[in-house]
Amino acid sequence: DSPTRQSSACRVLVRFWEGTAAMYQMSGEWFDAASSLVAFCKCSSADKTDIAVFQHTLVRLVSLLHAVVLMDLSCAARAGAAVPNESGDHSKRAFELELIDAEGIDKESLHSVNETETKVELIFHWVQQLIVETSSRN
């Protein structure tokens, strides 16, 4: 009985650390991508105001994307233990996490994130759209 329990506990611990490592890897890759995009702006001949708007919007969106993913992972890990808000949507709790200048994202967009079931996909699409639209203008 005891060796079986120990083996099970070891598997749980290994899975926890694998998940933790994957989360940190995801976070690091998003940081690298955002950092690279900000750095590439150094070589841009675009107006400095346009560059600043792009960089600030990118950082805000990546911050929001990271928070939404963390909250989704947190709620999925706790399954039935998480206490949902009034609407029953756990991922809306991402707005409870500290975000980088969320006030800089327009209210309509934040409302869209709050209302959709595909928050991660929506924000990721916005990041891609921002990059493509900005690069095509400049």
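Where is the place of Asp101 in the chain? Keep that in mind while you set up the view. The answer comes at a later stop.

**The whole chain**

Start with the cartoon. This is a predicted model. Colour by secondary structure and count 4 helices and 0 strands. From the N terminus on, the order of elements reads α-α-α-α. Now colour by accessibility. The chain has 138 residues, and 28% of them count as buried. Contacts come next. Take those between residues at least 6 apart in sequence: 61% of them join residues at least 24 apart.

**Phe16 and Trp17**

Select Phe16 and Trp17 and show their side chains. The structure holds 1 aromatic pair. This is the pair: the ring centres of Phe16 and Trp17 lie 4.9 Å apart. Their planes stand at 75 degrees, and angles over 60 count as edge-to-face, so that is the label for this pair. Phe16 is partly exposed, at 48% relative accessibility. Trp17 reaches 52% and counts as exposed.

**Helix H2: Asp50 and Gln55**

Move to helix H2, residues 48-78. Select Asp50, which sits in this helix. Its relative accessible area is 41%, so Asp50 is partly exposed.

Is Gln55 buried or exposed? Its relative accessible area is 19%, and the limit for buried is under 20%, so Gln55 is buried. Show what touches it. Leaving aside neighbours within four places in sequence, Gln55 is in contact with Val38 and Cys41.

**The loop to H3: Asp101**

Now return to the opening question. Select Asp101: it lies in the loop between H2 and H3. Check the backbone. Most residues other than glycine have a negative phi. Asp101 has a phi near 45 degrees, a positive value in a residue that is not glycine. Its side of the surface is intermediate: at 35% relative accessibility, Asp101 counts as partly exposed.

**Helix H3 and its faces**

Go on to helix H3, residues 107-115. Which residues of H3 are buried? Select Ser109, Leu110 and Val113. Look down the helix axis. These buried residues fall within an arc of 100 degrees, so they line one face of H3.

**H3 against H4**

Two packed helices are described by the angle between their axes and the distance between the axes. The crossing of H3 and H4 is right-handed.

Which residues make the contact? On H3, select Ser109, Ser112, Val113 and Asn114. On H4, select Lys119, Leu122, Ile123 and Trp126. Colour the contact of H3 with H4 by residue type: 4 are nonpolar, 3 polar and 1 charged. Finish on Ser109 and Val113. Both are among the buried residues of H3, and both take part in the contact with H4.

Technical notes:
Residues are numbered from 1 along each chain as its sequence is written. This is a predicted model: local features need pLDDT of at least 70, side-chain atom pairs count only at pLDDT 80 or more; totals for chains, interfaces and linings use all residues. Side-chain values use heavy atoms; hydrogens and water are left out. Helices (H or I, at least four residues) and strands (E, at least two) are DSSP runs, numbered from the N terminus. Buried means under 20% relative accessible area, exposed over 50%, partly exposed in between (1.4 Å probe, protein chains only). Contact means heavy atoms within 4.5 Å. Axes are lines fitted to C-alpha atoms, for helices over the stretch in contact, and angles run from 0 to 180 degrees between N-to-C directions. A crossing is left-handed if the near helix is turned anticlockwise from the far one by less than a right angle, and right-handed if clockwise. Ala, Val, Leu, Ile, Met, Phe, Trp, Tyr, Cys and Pro count as nonpolar, Asp, Glu, Lys and Arg as charged, and the others, Gly among them, as polar. Rings of Phe, Tyr and Trp (its six-membered ring) pair if their centres lie within 6.5 Å; planes under 30 degrees apart count as stacked, over 60 as edge-to-face and the rest as tilted. The arc is that of the directions from the helix axis to the C-beta atoms.
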